[in-house]
Amino acid sequence: MTTNLADLLAALPAEEEAPEGLLDTPQFQALFAELAQRRMPVAPLQRLGVLGGLQAQISLAYLAHWLRSWFHDARANQRDLLETHLRVALKLLRGMGYLRGAVMKVGQMLGNLPEIVPDQLVEVLEKLHFEAPPMHFSLLREFVRNELGADPEEIFASFETRPFAAASLGQVHRARLKSGETVAVKIQYPSIVTTIRSDFRNLRALMAPMRLSKDWEDLKESLADLQRTLEQETDYEQEADTLNKARRLFREDDRIVLPRVYESLSSMRVLTMEYLEGVHIHDFLAKNPSQQERDHFGTQILRAYSRMYYAGRMNYADMHPGNFLFQDDGRLGVLDFGCVRPFNDEEWAMLRSGPQAMYGDRQDLLRFTKRMCNLPEDYPDDSDHVRVMERLSLWTFQPMRQGGPFDFGNPEHLREGANIYREMVRKRYTRGQPLCVLIARMHFGSRALLYRLRARVNSRAIEREEVPVTGWPSSTTED
Amino acid sequence: MRVNAETKQATRQRILDTARKLFASKGFENTSTRDLASAAGIGAGTLFNYFPTKEAIAMTLVADVLTEAHEEFHKSAQRAESLEEDLFGYLACQLRHLKPHRAYLEPVLETALSPVASSAAAPEGESIRVMHLDAIEQLLRKHGHRQSPSFVLLHLYWTLYTGVLAFWSRDRSRHQEDTLAVLDQALKMFVRALPAPSAPSQPKAGGVS
C-alpha cells in the first residue's frame with residue numbers, strides 16, 4: 001500500500017475559519033511544505049522494530065495538523081514569533097518520532113475515529129494495536145530473568161517465542177503454566193521509562209523559546225499530563241492492582257470477564273494474566289453478526305464501562321477496539337487497564353449531579369456543565385463557551401434522555417460529537433479541564449466503537465441499573 | 001627458600017579471592033594494594049611479584065569470569081533465530097557473569113579493554129579480546145558470513161562492545177534494563193554494517209518448552 005502525505009493531510013479534519021489568510025502567506029506555505037516533505041525518522045523506528053513507514057507517516061500527518069492548529073488563531077503581527085515557533089516545532093516533531101509511546105497513542109487515537117479517518121487508514125492503524133514487531137527471544141529471556149528471577153522456559157511449562165499481540169508499550173506472549181492454565185504474558189520493552197523521560201526532557205528543551213507565549217502554561221501542563229499518563233502505563237504493578245479492583249465489580253451472570261492476574265509471575269514490567277478467548281471487533285464484524293448480537297455486545301461494552309464508573313469510581317479511558325474481546329458464548333472480555341484512572345474525591349463530588357443533569361431541566365444541565373468546566377455558576381448562559389459545552393453535555397446525554405434502544409450506528413450522531421469535540425479543542429475550552437476532556441474522550445471513544453458495531457443499546461436502562469450503588473440523587477423521570 | 005609452582009598458584013589465588021571480597025565490601029577505589037596484601041597475609045612487595053597493579057588484579061578477575069561465560073555460552077547453545085539474537089545471547093551471558101564485578105569494571109575498561117588500552121600493559125585484556133573476537137567470528141560463520149570480517153568491522157564491533165560495557169557499568173535503571181536496549185540496538189547497528197551473508201540463515205518459528 002502506498003500513500004503520500006498530502007492525501008493523508010487531506011483526510012484529516014478540515015481547517016475551519018482560517019484567520020485572515022495568514023496561513024496562506026508564502027513564508028508559511030514554505031514552512032508547511034518543508035514540514036510535509038520532512039521524512040519521519042522512520043529508519044531508526046523500523047530498525048527498532050517499532051513502526052512501519054506508513055504508520056509513521058500517518059502520525060506525522062496528524063502531528064502536522066496538530067501543529068498547524070496551534071497557529072490558527074494568530075494575528076499577522078505575531079508572524080515572526082510564530083515562525084520561530086514553527087522552526088522549534090519542526091525540531092520537536094523530529095524528536096517526537098522517537099517517542100514510541102506517544103506515536104502509538106496518536107495512532108490509537110486516530111484508529112478510534114472512523115468517521116474522520118478513511119476506512120483503509122483505520123485498518124492500518126488497527127494493526128498498530130496488534131502487530132508491532134517482536135523483541136527477539138534472547139532479549140526477552142534476559143528481561144524476564146531480571147524481572148522474575150528465572151528464564152521463561154523455567155517459569156512456564158511452555159512459552160511461545162512469537163508475541164500474539166502488541167501492547168502500547170510492549171508485547172504479549174501466550175504461555176502455559178505448569179499447573180496447566182493458558183496465560184497471556186505482557187512484557188514491556190526495556191528502557192521505555194528512560195526513553196519517555198528523555199524524550200520529554202528534549203521536548204521541553206526544544207520548546208523553551210515558546211515559554212513567553214500565552215499557551216506555554218497549558219502546553220507545559222498538557223505535556224506533563226501526557227508524560228504522567230505514559231509513565232503510569234509503564235507500571236504494570238499498578239495496572240494489576242487496578243485490574244484486580246475492577247474484576248471484583250463483575251459477577252458471573254454479568255457475562256463480562258476480566259482476566260485474572262498471576263501476581264507471583266508479575267512485576268513492574270511483566271504482567272501475567274489469564275488468557276481470554278475471543279475475537280476482536282474486526283473479526284467479529286467479518287462474521288456478519290446479527291443485529292441482536294451487535295446490540296448485545298454494544299450493551300455489554302456500555303455495561304462494563306458504567307460498572308467501573310459508578311461502582312468502581314474509575315474511568316476506563318482507553319476505549320480502543322483492541323481492548324475488547326467478543327466471545328462465542330456472548331461474553332465480553334475486557335483487557336488493558338494501564339490507562340484506567342480512579343476519580344479523586346473532588347471529581348467524584350463534581351460527577352454526583354450527572355444523573356440529575358441527564359434527565360432534569362435546562363437549569364440542571366447548565367449547572368452541571370458549568371461545574372464540569374470550572375465556570376462560575378453565574379457565567380452567562382448565552383456565552384459561546386457555555387453554549388458549546390452545553391451542546392457537548394446534550395450530545396453525551398442524548399442516548400439516556402431519549403430512552404429505549406438508541407441507534408449508535410447513526411453516523412450523524414458520531415459526526416455531531418466529533419464537531420463539538422473539535423470545536424471545543426479549537427476554541428480551547430478544554431484548557432485546564434482534565435476531567436472534562438477525559439470524560440468527553442471516553443464518550444467519544446465508546447461511541448466510535450458502538451458506531452462500528454452499529455449497535456442499538458438502551459443506555460437509560462443501563463444507567464438506571466448502575467447508578468443506585470453510588471447513593472447519588474436520582475432523577476424523577478421514569479421509563 | 002624456593003617457592004614452588006603450587007605454592008605460587010595458591011598465593012595468586014588467595015590474592016584474587018581477597019581482592020574479590022575487598023572490592024565488593026570496600027569498593028575498588030577504597031581498597032589499596034597495602035590493604036590487599038595485608039588481608040591476604042603477604043607483604044606488599046610480594047603482591048607486586050604477582051600483579052603489577054590493582055587494575056591488573058581487577059582485570060584478572062574480570063578475565064576469569066569472561067572465560068567462564070564464554071564456556072557456558074558454548075555449552076548451553078541456545079537456539080537463536082538470527083545473528084543478532086546469537087550475538088545478544090553471547091553478550092548477555094557475559095553481563096550476567098560480570099554482574100558481581102560491575103563496580104570495578106570501569107578501571108578495567110580503561111586500562112585493559114578499551115580501544116585505546118595498550119595490549120602490552122594488559123596481556124589479560126589482549127587474550128580476552130582475542131577469545132571474544134574469535135567467538136564472534138564463529139557466530140558470523142554460523143549465520144552464513146563465510147569471509148572473516150575486516151579489521152575495520154572488528155574494530156567497530158569492539159568499540160560498540162566496550163561502549164555497552166561502559167554504559168552498563170554506570171547504568172542506574174531498574175535491573176540495568178537500559179543496557180539491554182543499548183545492547184540490542186548496538187548489535188543491530190553492527191549487523192547492518194556487515195556485508196550480506198553468503199547463505200541466508202533460516203529463521204524458525206515456534207515455541208520453547
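How much of the accessible surface of chain A belongs to carbon and sulfur atoms? Let me start there, everyone. The accessible surface of chain A comes to about 20700 Å², and carbon and sulfur atoms hold 49% of it. Before going on, please keep in mind that this is a predicted model.

Staying with chain A for a moment: the chain has 479 residues, and 58% of them count as buried. Its secondary structure consists of 21 helices and 12 strands.

Now, the inside. The largest nonpolar core has 83 residues, and the members that touch the most others are Phe156(A), Ile187(A), Phe23(B), Ile57(B) and Tyr157(B). Which element gives this core its largest share? That is helix 4 of chain B, residues 54-76, with 10 residues. There is also a second, separate core of 55 residues, including Leu302(A), Leu332(A), Phe337(A) and Met350(A).

Let's zoom in on Phe156(A). Leaving aside residues up to four places away in sequence, Phe156(A) touches Ala175(A), Arg176(A), Leu177(A), Lys178(A), Val183(A), Val185(A), Leu265(A) and Thr272(A).

Strand 4 of chain A covers residues 182-188, and six of its seven residues are buried. On one pairing, strand 4 of chain A meets strand 3 of chain A, residues 170-176, in the antiparallel sense over seven bridges. On another pairing, strand 4 of chain A runs antiparallel to strand 6 of chain A, residues 270-274, over five bridges. Here the pair to look for is Ala184(A), opposite Met273(A) in strand 6 of chain A.

On to where the chains meet. Chain B brings 26 residues to the contact and chain A brings 27. Together they bury about 2300 Å², with 50% of that on carbon and sulfur atoms. How many salt bridges does the rule find across this interface? It finds four. One I'd like you to click on is Arg174(B) with Glu147(A), at 2.5 Å from N to O.

Another salt bridge connects Glu81(B) with Arg162(A), and the closest N and O atoms are 2.9 Å apart. Why does this pair join two chains? Because Glu81(B) sits in the loop between helix 4 and helix 5 (83-98) of chain B, while Arg162(A) sits in the loop between strand 1 (158-160) and strand 2 (165-166) of chain A. Both ends are partly exposed: Glu81(B) has a relative accessibility of 24%, and Arg162(A) has a relative accessible area of 38%.

Over all chains, a search of the whole structure finds 35 salt bridges. Within chain B, Asp35(B) and Lys26(B) form one, at 3.0 Å from N to O. Asp35(B) is partly exposed at 24%, and Lys26(B) is partly exposed as well, at 37%.

Then there is Glu106(B) with Arg170(B), at 2.8 Å from N to O. This pair links distant parts of the chain, 64 residues apart: Glu106(B) is in helix 6 of chain B, residues 105-113, and Arg170(B) is in the loop between helix 8 (151-169) and helix 9 (177-193) of chain B. Is each end buried or exposed? Glu106(B) counts as partly exposed, since its relative accessibility is 26%. Arg170(B), at 58%, is over the 50% cut-off and therefore counts as exposed.

Some salt bridges share partners, and in that way Arg251(A), Asp253(A), Asp254(A), Arg303(A), Arg307(A), Glu465(A) and Glu466(A) are joined into one network.

One last stop, a glycine in chain B. Gly45(B) has its place in helix 3 of chain B, residues 44-50, and counts as partly exposed at 49% relative accessibility. Its C-alpha atom is separated by 9.2 Å from that of Arg34(B), 11 residues apart along the chain.

Conventions. Residues numbered from 1 in each chain as written. Chains lettered and ligands numbered in written order. Predicted model: local features only at pLDDT ≥ 70, side-chain atom pairs only at ≥ 80, totals over all residues. Heavy atoms only, no water. Core = buried A, V, L, I, M, F, W, Y, C linked by side-chain atoms within 4.5 Å. Buried < 20%, exposed > 50% of the residue type's maximum accessible area, 1.4 Å probe, protein only. Helix = DSSP H or I, 4+ residues; strand = E, 2+ residues; numbered from the N terminus. Contact = heavy atoms within 4.5 Å. Pairing = 2+ DSSP bridges. Areas by Shrake-Rupley, 256 points an atom, 1.4 Å probe, with all protein chains shown as cover. Buried area = accessible area lost by both parts, 1.4 Å probe. Salt bridge = Lys/Arg side-chain N within 4 Å of Asp/Glu carboxyl O.
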